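Student: I have a model open and would like to go through it. Can we start with the terms?

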Amino acid sequence: MNMQTGSKLHDDRPGVSALGGLGAQARGASGRLLPEIWMQDGAKRVEQALARLLCAEDDGETELMAAMRYATLHGGKRTRTLLCLAAGALADTPAHMLDDVGAAIEMMHACTLVHDDLPAMDDDVLRRGLPTVHVKFGEATAILVGDALQAHAFLTLANVDAPGDNRIALVRELAQAVSAEGAAGGQAMDLSLVGKHVELDRIVAMHRMKSGALVRASVRMGALCAIAEDAAHAALYCALDRYSACFGLALQVVDDILDATADTATLGKTPGKDAAAQKPTCASIMGLQAARQFALDLLRDAEEAIAPLGPRAERLAQMLQRANAYLFKHAPCA
C-alpha cells in the first residue's frame, strides 16, 4: 500500500505552529515532520487539558468526578484527538484552542465507551486493560459518568477561545455526531442486529453511525476552529469528509478483525465478544482476509481523498500511516 502523501515537505508548510511551536523540533535531518513527536506531544497536551477541565477538587461527597477522570485519563490511543490536531494543523488552528477541542472530543468518546460497556449494552468488564467504569464504580455511577462527560464536553466547546460562530459550529458538529443520526442511532442499530443474518451494507451503515460519526466530527472540528464551512471552502470539507468516512470505517473493520483474532493484552478489552454475542460484523460476513483487504482499500481511499490538499495534509497522511502500521502489526496476513 502506497502511503506517499506529504513525503516531500519543507519548513514553509502551513500549520507547523499548531502544536505550540514544535515545527523545528518535530523534524528530522531530512526536514520531514516526525509523526511520533507531534503525536506524543499532542496527546500529552490534550491529557493535560482533560486533567484541568475535569478538576478532582469538584468531587465533593461522591465519586462522580473521580470516575469521570478514570474514564478519560487512563490510557487510550487518542486517535480522535490526533485526527482533530492533524486537521487543525492544516487549518493553522492555534494550539491552545485545539487542546480544549481535543479534550471535548475525548470526553464525548469516553462517554460513548462507558455507556457501550454497560450490562444493558455490550456488557464488558475490561476497557483499556482496566476494569470498566461500571465494574469499578457501580452501574448507576457509570450512567452518570457518561451523562456528565457529555455535558462537560459541550461546556468545554462553549468556552473555547474562538469567535461565536466557530463555537456554534463546533457544538453542532459534536452534537450531530452522537445524535440519533450518529453514535446513539448506530448503537441502537447494533443492538437490533444481534443474532440476525444481515447484508454487509447494513453493517457498514451501522459502523458509519456508531463510531464513524465521531471520527468525522473529530476531523471536521479541527478545521472548524479556524475555517468556516462555506462555498469558498467546499472542496476542503469535501476532501475531509471523504477522508474521515474511509478512515473511520477502516478503524471499525480493524476492530472487528482484532476482536476475532487478538488477545486481551492487544485489545485492552475482552476478545471474542462479537461472536459470543452473535453480532454480525464485517469480519464475520466477509471473512478475515477479505475484511483485512477492505480495511487496506479504505485507508488507500482516504489517502487519495486528501492528495489534492498537498503538504498541508501531512499530519492527516501520517495518521493513515499509523493505522496501516497498526493493522500490519496486529492483523498480519495469514
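Tutor: Start with burial: a residue counts as buried when its relative accessible area is under 20%. Keep in mind that this is a predicted model.

Student: Fine. Which residues of the Asp190 and Lys279 pair are buried or exposed?

Tutor: Both Asp190 and Lys279 are buried. They form a salt bridge, with 2.8 Å between the closest N and O atoms. The pair links distant parts of the chain, 89 residues apart: Asp190 sits in helix H8 (residues 183–192), and Lys279 in the loop between helix H13 (273–276) and helix H14 (282–286).

Student: Which residues are linked with them in a network of salt bridges?

Tutor: The network comprises Asp116, Asp122, Asp190, Lys210 and Lys279.

Student: How many salt bridges does the structure hold?

Tutor: There are 19 salt bridges. Another of them joins the side chains of Glu106 and Arg78, at 2.8 Å from N to O. Glu106 lies in helix H4 (residues 95–116) and Arg78 in the loop between helix H2 (64–73) and helix H3 (79–90), so this pair ties together parts 28 residues apart in sequence.

Student: Why does Glu106 count as buried?

Tutor: Because its relative accessible area is 2%, and the cut-off is under 20%. Arg78 is also buried, with 4%.

Student: Changing topic, how much space lies in the second largest pocket?

Tutor: About 180 Å³. The pocket is lined by 14 residues, and those closest to its centre are Arg208, Gly212, Ala213, Arg216 and Ala217.

Student: Which helices supply at least two residues of that lining?

Tutor: Helix H7 (164–177), helix H10 (212–224) and helix H11 (234–261) each do. By class, the lining has 5 nonpolar, 5 polar and 4 charged residues.

Student: You listed Arg216. What does Arg216 form a salt bridge with?

Tutor: Its partner is Asp241, with the closest N and O atoms 3.3 Å apart. That pair links helix H10, which holds Arg216, to helix H11, which holds Asp241, across 25 residues. Arg216 counts as partly exposed, at 29% relative accessibility.

Student: Now the whole chain. How many helices and strands are there?

Tutor: The protein chain has 16 helices and 2 strands. Of its 334 residues, 51% are buried.

Student: And what share of the contacts comes from residues 24 or more positions apart?

Tutor: Among contacts with a separation of 6 or more, 73%.

Key. Residues numbered from 1 in each chain as written. Predicted model: local features only at pLDDT ≥ 70, side-chain atom pairs only at ≥ 80, totals over all residues. Heavy atoms only, no water. Helix = DSSP H or I, 4+ residues; strand = E, 2+ residues; numbered from the N terminus. Buried < 20%, exposed > 50% of the residue type's maximum accessible area, 1.4 Å probe, protein only. Contact = heavy atoms within 4.5 Å. 1 Å grid on protein atoms, 1.4 Å probe; cavity = no way out; pocket = protein on both sides within 12 Å on 5 of 7 lines; lining within 4 Å. Points joined across faces, edges and corners; volume = space filled by probe spheres on them. Nonpolar A, V, L, I, M, F, W, Y, C, P; charged D, E, K, R; others polar. Salt bridge = Lys/Arg side-chain N within 4 Å of Asp/Glu carboxyl O.
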